[in-house]
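Here is a set of questions and answers for someone new to this structure. Each answer works towards the value or name asked for.

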Amino acid sequence: MANQLVWFRNDLRTCDHAPLSEALVAAHQQNSTITAAFIWSPEQLQQQGAGSPKLAAYQQALDALNDDLAALGVELQIITAPSWQQGVTDLIELCVRLDVDNIYCHYEPGWDERLRDGQFHDQAPEQMHLHRANDLYSAPPRQLLTLQGNFYKVFTPYKRNLLAQIIDTLVAPRPAPDNGLPAQAAKPLALGERFVWDNPMQLPVLEQQAHERLEDFMDQMNDYSSLRDIPARAGTSLLSTSLALGTLSSRQVLWTIAQRQALTSSNAFLSEILWREFYKYLLAWRPELCLGKAFNPKWDQFPWQTDPSLLQRWQAGQTGVPLVDAAARQLNQTGWMHNRLRMVSAMYLVKILQVDWRHGEAWFARQLADFDFAANNGGWQWVASTGVDATPYFRIFNPHEQSRRFDPDGDFIRKYVPELAPLANKAIHQPTPELALALGYPLPVVDYKTSRADTLVKFKKLGQDYDQHH
Ligand SMILES: Cc1cc2nc3c(=O)[nH]c(=O)nc-3n(C[C@H](O)[C@H](O)[C@H](O)COP(=O)(O)OP(=O)(O)OC[C@H]3O[C@@H](n4cnc5c(N)ncnc54)[C@H](O)[C@@H]3O)c2cc1C
């Protein structure tokens, strides 16, 4: 009698989990056993860019999943491996040992993820089937095309088409399965070294926490468009880590929004959820984005600065630009950064310090608990003007003006750059050299105006050269 196995990936939940539900039904119908497995390879995740906050969040989510699965009578087996390649070999061995023929999982579009599944297909015995549910997308990427039959490269028409499909097809998320198997006692997971992230902002990570946060946030959703850009206010959902780990699915978010009759194109929060999906959609069409490639190669020859101290000062929150430094310190201290600040900080690195966006992308990946390749790469390429539907090269945020506009009373700066706390609201966004020196705060690492002008000249020349040759 062939048995069933659920292969967990970035979907560490029991509710709205089609592979788990299907495997349980099959086990019940065929009177066979069901096991769950996860390939734990910190090395592989680190090579993809993840750092301690994301790895620690994974471990916390896996521990909770272990308990939840045990309550359903399903054992979670951890396959520890130095790479996914080795992990797949070990997983196949486990399936042979357990007499498993049906493996249920979710499809993932990234480059390594495709190689991993391809390897499974190549290596697994003929009778072993990988059933992949496609719940990552509200509509299959191959079905969501422009009138000309191409994939979308502009968000707004993509969103219009996707939203119409969501409204037509959205179904209620599955509750946690109730299969009648006797609950087991959860065995502690052998996850090796424990990564450290103390989550000072108490971001929801686990499935239960994500559900609670989502419900609470619904009461705030109407204020989202007015508060979402103010980093000193708790105006956003903070659900990104749960969504990145899959302890919450986007269907659960969409369904909850739909229950509030708020599935409308003017809902700013919904738009952001769809931006998330857009970047994943692009990976389905352009998996080579995972290999460090710019979507638009036009700006690839930009003469980036190579002085390592520029990157180091930006990473450490020591650029002498208060809002940029507050953002960097928020990231380093909490494992999360506010979206407005991700844009301001990334823009400053790329277009004022002229550091290659890939260095910033790698740093965010390492520091963020919510690191998600598609969203991170999409965000960086948007800022760098290399991406799909990206900001034009000449749009450069002035970080001092952004600071006056979005942190008018300097509350956020005072929290993360306490040496500037004594300054008056007017002075805190751009302290004079005298004040900065007196407070032990660094002088700006470059002159903003000169650097901005230089960047524009370089981009313009590069664009002209490129257009001449293409
Ligand atoms: C340079 C840069 C790097 C980024 N890196 C990541 C990353 O690694 N992981 C990540 O999840 N988000 C990333 N974002 C997007 C965004 O900043 C975060 O999703 C958001 O700040 C998370 O906070 P929240 O959950 O309170 O978001 P909310 O404002 O409450 O939004 C709800 C959800 O929508 C999604 N979302 C929101 N904004 C975006 C966006 N611009 N692009 C894609 N999805 C979005 C997230 O899943 C988020 O949890 C990045 C943005 C930029 C500009």
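Q: In which loop does Gln202 have its place?
A: This is a predicted model, in which local features need pLDDT of at least 70, side-chain atom pairs count only at pLDDT 80 or more, and totals for chains, interfaces and linings use all residues. Residues are numbered from 1 along each chain as its sequence is written, and side-chain values use heavy atoms, with hydrogens and water left out. Helices (DSSP runs of H or I, at least four residues) and strands (runs of E, at least two) are numbered from the N terminus. On that numbering, Gln202 is in the loop between α6 (155-169) and α7 (207-218).

Q: Is Gln202 buried or exposed?
A: Buried means under 20% relative accessible area, exposed over 50%, and partly exposed in between, with a 1.4 Å probe and protein chains only. The relative accessibility of Gln202 is 67%, so this residue counts as exposed.

Q: What is the phi of Gln202 near?
A: Most residues other than glycine have a negative phi. Gln202 is not a glycine, yet its phi is positive, near 55°.

Q: Which loop holds Ser385, and is this residue buried or exposed?
A: Ser385 also has a positive phi, about 70°, without being a glycine. The loop that holds Ser385 runs between α16 (373-383) and α17. With a relative accessible area of 7%, Ser385 is buried.

Q: How many helices and strands are in the protein chain?
A: The C-alpha atoms of the chain fill a box of roughly 75 × 55 × 45 Å along the principal axes. Of the 470 residues, 56% are buried. The chain has 21 helices and five strands.

Q: What is the radius of gyration of the protein chain?
A: The radius is taken over C-alpha atoms, and the globule rule is 2.2 Å times the number of residues to the power 0.38. For 470 residues the rule gives 23 Å, and the value for the chain is close to that, so the chain is as compact as a globular protein of that length. The radius of gyration is 24 Å.

Q: How far apart are the end C-alpha atoms of helix α13?
A: The expected span of a helix is 1.5 Å times one less than its number of residues. For the 13 residues of α13 (residues 322-334) this should be 18 Å, which agrees with the model. The end C-alpha atoms are 18 Å apart.

Q: What covers the buried residues of α13?
A: Eleven of the 13 residues in α13 are buried, among them Pro322, Asp325 and Arg329. The cover includes α12 (308-316), α14 (339-352), α15 (357-367), α17 (399-406), α18 (411-416) and α19 (425-428).

Q: With which residues is Ser250 in contact, leaving aside neighbours within four places in sequence?
A: Ser250 lies in helix α10 (residues 250-259) and counts as buried at 9% relative accessibility. Contact means heavy atoms within 4.5 Å. On that basis Ser250 is in contact with Leu136, Leu243, Arg276 and Glu277.
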